[in-house]
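The sequence and the model are shown first.

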Amino acid sequence: MSPFELTIAEASAAIGRRELSPVELTASVLARIEAVEGPLQAYAAVLAESARASAAEAEREIAAGRHRGPLHGIPFGLKDLIDVAGLPTGAGSRARDGHLATADSGVAARLARAGAILVGKTHTHEFAYGLTTPQTRNAWDAGRIAGGSSGGSAVAVAAGTALFALGTDTGGSIRVPAALNGVVGLKPTYGLVSRHGVVPLSWSLDHVGPITRTVADAALVLPALAGHDPRDPASRPAAAFRPAPGGDLRGLRVGVPVNHYFEHVAPAVEGAVRAAVGRLADLGAEPVEVEIPYARYVQATQWGLMVPEATAYHEPTLRATPDRYAPDVRVLLEAGALIPAADHVRARRARTLMRQAWASLFERVDLIAAPAVPMTAVPAGQESVAWADGTVEAVSDAYVRLSAPANITGVPALTLPVGHDESGLPIGMQLIGRALAEATVLRAGSAYESAYGRAGLPAPAAA
Amino acid sequence: MTDRLTAQEAARWADRAGLPLEEERHAVVAATADHIAAVVSTLRELELGETAPGAWPAGWEAADVTL
C-alpha cells in the first residue's frame, strides 16, 4: 500500500509512531497527483513546492517532539472558494480573474494551526452555483459528472490525491459530490464552522465541512474546524465539537422517512439505503417510521432563500462584468433580481415553520437515515432524469432535493458510501441529526463503517 | 402561478432592481425568472400567521454546545 492510500487515522498513527514522515506522505500524494490528475482535473491549482516545504517543517516539529495532533503532516485540498493568503480564490469563474486573497479564511487558518499540509485548491462549480463541476471528472467513471459544487474536493479524496478536502454546502454541495464519488461528506450544523473568508453563495444556507474517505476521518477533521469566529455573523458563540465514544448503537432511534426521501429515487439507491438501515438495526438501532414535515415546500423555500441572496452578493460584479460568468450561472443571478422581496421573506418565514417541525421530529428520533441523492452519477451532459411515473426532473433539482432540508433547517447531515448500483457506481446514505449532534451522526456512521464499510481505499477507476 | 413575465417586463423590472439587462438577455431572463417564480409561489399556500423569519437551526436552542 502506498502512503497516499492511507486514511487520516492510519497516516496520523504512522506519523505518531515515526514509521511515516510527512515528507514521505506528501511526496506520495504529489506523485499520485502526477499520475491521475491529468484525466481527473480535480485541482484548480497544485501547490507542490509549498506543500513540500510545509511537510519538511512538520517533519522537523514532530521530530522535535511537537506533534500538534491528528492532522499534523496530513495533505489536504481546499475548495477554490476558500481564501488562503497570497493565493487567488478563483471560485471557478473568469469573474475572479486577478483575485488574490490577502488573508487566510477562518478554516484555512485553523488547518494551518493544526499542521495540515495544503496541496492545492480544488475545482468548484462556478461560485458554487451548480451541481456538476464541469471541469472535473467522476473518480469512478470519467464519462460521468463529478457532482458539485465541491466536485474537485470529492474527486481528489476519492482518487487519493488528498487525504481530505474541504467543501461548501448550500443545497448539497458537499454531500452530492461525496456520494457520487463514494466518499464521506459532512455538512455540519449551521454556525459550527466559520465561513469567514469563504466566497458566499447564500449566507443563510452556506456551510463549510470536510470530505474524507472514512467517517472516522471526518470525526478527526471536524474538531480542527469547529469553533466560534466573530467574523462570521452566523458563528455560534461557544461552538465546539468533541467526538463521542463510539460503537454500540443500542437504543438509537433512527427515523426512516415514509415520504420525500424515498420518492423518485432509483431502485438501486433505495435498495442499498434500505439495506443499510437494516444493518444499523442489526447494530442495535431502532428504526422508526417518520413523516417529513413540509416536504412539498422544500424546493420553494430553498430557492426563495438562495436565489435572491446569491444575486445580492454578485450584483456589483454582474453589473460590471456580466460576460465573465458562465451562461448557466449568469442567467440565475440575473433572474434573481426579479424575485419580489415578499417571496424571499415568505421563504424565511417558511423556514421557521420547517425548523420548528424538524425540532419536533427530533424529539421522536435521534437520527434520520435516507438516500443522500436520488440517483448515482449521471453521464456528463445529461440535463434531466425521467422517473418511473413519467415525471421528468432537472438533474440539478434531483441532486438538491434530498440535501436541501438540512440546509434549510441547519441540522448536521453526513453521507457515507453504502453500496453500488448495477454500473458499479457508488451510492450514499445520508444520516441527519439534531442541531449540534454531530457526535451522534458520526458515531452511527462510524459504527456502520466499522461493521460493513470499505476500508477507505481510493476509487478503483482511478487506481 | 402568476401571469408569465414578458421580455419587456423583465427589462423594466431589472432596471427598477438596479441591474439593467442588455436587450438580448431579456427573453432568457424572463423565462428563468418565471420558472423560479413558479417554484417559489408554492409558499403562498402556507398559513404563516404570526410566524416570524428565523435562521437558526432546528432544535438549536435546546442543544448542548459543550457536547
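This is a predicted model: local features need pLDDT of at least 70, side-chain atom pairs count only at pLDDT 80 or more; totals for chains, interfaces and linings use all residues.

A residue counts here as buried if 20 or more other C-beta atoms lie within 10 Å of its own.

**Helix α7 of chain A**

By that criterion, the buried residues of α7(A) are A:Val215, A:Ala216, A:Asp217, A:Ala218, A:Ala219, A:Leu220, A:Val221, A:Leu222, A:Ala224 and A:Leu225. Helix α7 of chain A spans residues 215–225, and because ten of its eleven residues are buried, the helix is largely enclosed by the rest of the structure. After α7(A) comes A:Gly227, which has a positive phi near 150°.

Strand β4 of chain A (residues 164–169) is mostly covered, with six of its six residues buried. In a regular strand, side chains alternate between the two faces of the sheet. In β4(A), A:Phe164, A:Leu166 and A:Thr168 point one way, while A:Ala165, A:Gly167 and A:Asp169 point the other way; all are buried. The pairings of the strand are set out below.

| Partner of β4(A) | Sense | Bridges |
|---|---|---|
| β2(A), residues 75–79 | parallel | three bridges |
| β6(A), residues 207–212 | antiparallel | six bridges |

Towards β6(A), A:Gly167 stands opposite A:Gly209.

**A buried arginine in a loop**

A:Arg137 lies in the loop between β3 (117–122) and α5 (151–159) of chain A. A:Val155 is 18 residues from A:Arg137 along the chain, and their C-alpha atoms are separated by 7.6 Å.

**Packing of α9 against α11**

Helices α9 (residues 298–320) and α11 (residues 341–364) of chain A have axes that come within 8 Å and cross at roughly 130°. That angle makes α9(A) oblique to α11(A), and the crossing is left-handed. From α9(A), the contact is made by A:Ala300, A:Thr301, A:Gly304, A:Leu305 and A:Pro308. The α11(A) side contributes A:Asp343, A:His344, A:Arg346, A:Ala347, A:Arg348, A:Ala350, A:Arg351 and A:Met354. The residues of this contact comprise six nonpolar, three polar and four charged.

Technical notes:
Residues are numbered from 1 along each chain as its sequence is written. Chains are lettered from A and ligands numbered from 1 in the order in which they are written. Axes are lines fitted to C-alpha atoms, for helices over the stretch in contact, and angles run from 0 to 180 degrees between N-to-C directions. Helices (H or I, at least four residues) and strands (E, at least two) are DSSP runs, numbered from the N terminus. Angles under 35 degrees count as roughly parallel, over 145 as roughly antiparallel, 65 to 115 as roughly perpendicular and the rest as oblique. A crossing is left-handed if the near helix is turned anticlockwise from the far one by less than a right angle, and right-handed if clockwise. Two residues are in contact if their C-beta atoms, placed from the backbone, lie within 7 Å. Ala, Val, Leu, Ile, Met, Phe, Trp, Tyr, Cys and Pro count as nonpolar, Asp, Glu, Lys and Arg as charged, and the others, Gly among them, as polar. A residue is buried if 20 or more other C-beta atoms lie within 10 Å of its own, exposed if 12 or fewer, and partly exposed in between; C-beta atoms are placed from the backbone. Two strands pair if DSSP finds at least two bridges between them.
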